[in-house]
Amino acid sequence: TNIYLDGFSYTEGIIGFDDFATKNFQLYPNPVTNLLHLQSTAIISNIEVSTILGKQVLKARPNSISPSLDMSSLSPGLYLVSVTIDNSSKTFKIVK
């Protein structure tokens, strides 16, 4: 499906597969109070937390399959958590 609107185009279709699904990736709890737990069957190499406006507020390089991220210092709100596994990144919405 192709949609054109005001000079923008949107194309629907599959361009690949979800690498994170094959790594049995989990991120919990959501909403988070203090610790955000991540779990995968592959090594999580990078985690970046940003505000909804794009300001980076936390960054970690855990190189672990089950790291935890301390989010207790963050104010309540909506955050974007970008996770990198095997050079593939995916962003998740987290409520604090």
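**Note on the predicted strands, loops and core**

1. Pro29 lies in the loop between strand E3 (26–28) and E4. The model is a predicted one, in which local features need pLDDT of at least 70 and side-chain atom pairs count only at pLDDT 80 or more, while totals for chains, interfaces and linings use all residues. Residues are numbered from 1 along each chain as its sequence is written, and side-chain values use heavy atoms, with hydrogens and water left out. The strand labels also need a word: helices (H or I, at least four residues) and strands (E, at least two) are DSSP runs, numbered from the N terminus.

2. The loop between E3 and E4 also holds Pro31. Both prolines follow cis peptide bonds: the bond from Tyr28 to Pro29 has omega near -10°, and the bond joining Asn30 and Pro31 has omega of about 15°.

3. Four strands form an open sheet in the order E6-E5-E8-E9, with antiparallel pairing. E6 and E9 are the edge strands, each pairing on one side only. Two strands are said to pair if DSSP finds at least two bridges between them. Neighbouring strands of the sheet are turned by 20° against each other on average, direction ignored; for such angles, axes are lines fitted to C-alpha atoms, for helices over the stretch in contact, and values run from 0 to 180 degrees between N-to-C directions.

4. How many bridges link E5 and E8? Their antiparallel pairing runs over 7 bridges. Within it, Thr51 stands opposite Tyr79 in E8, and Ile47 has Val83 in E8 as its bridge partner. With E6, E5 pairs in the antiparallel sense over 4 bridges, and here Ile47 stands opposite Ala60 in E6. Ile47 therefore has a partner in E8 and another in E6, as strands pair through backbone hydrogen bonds.

5. E5 and E6 form a hairpin with 4 residues between them, and Gly54 in the turn has a positive phi of about 100°. E5 is mostly covered, since 6 of its 8 residues are buried. Buried means under 20% relative accessible area, exposed over 50%, and partly exposed in between (1.4 Å probe, protein chains only).

6. The largest nonpolar core has 19 residues, and Leu27, Leu36, Met71 and Val83 are those with the most contacts inside it. Such a core is a set of buried Ala, Val, Leu, Ile, Met, Phe, Trp, Tyr and Cys residues joined through side-chain atoms within 4.5 Å. Two or more residues come from each of strand E4 (35–39), strand E5 (44–51), strand E8 (78–85) and strand E9 (88–95). E8 gives the most, with 4 residues.

7. Which residues does Met71 touch, its neighbours within four places in sequence aside? They are Val32, Thr33, Asn34, Leu36, Val49, Leu58, Ile94 and Lys96, where contact means heavy atoms within 4.5 Å.

8. Asn63, in the loop between strand E6 (56–60) and strand E7 (68–70), has phi near 45°, a positive value in a residue other than glycine. Asn63 counts as exposed because its relative accessibility is 52%. Asn87, in the loop between E8 and E9, has a positive phi near 60° and is likewise a residue other than glycine. Asn87 is exposed because its relative accessible area is 79%.
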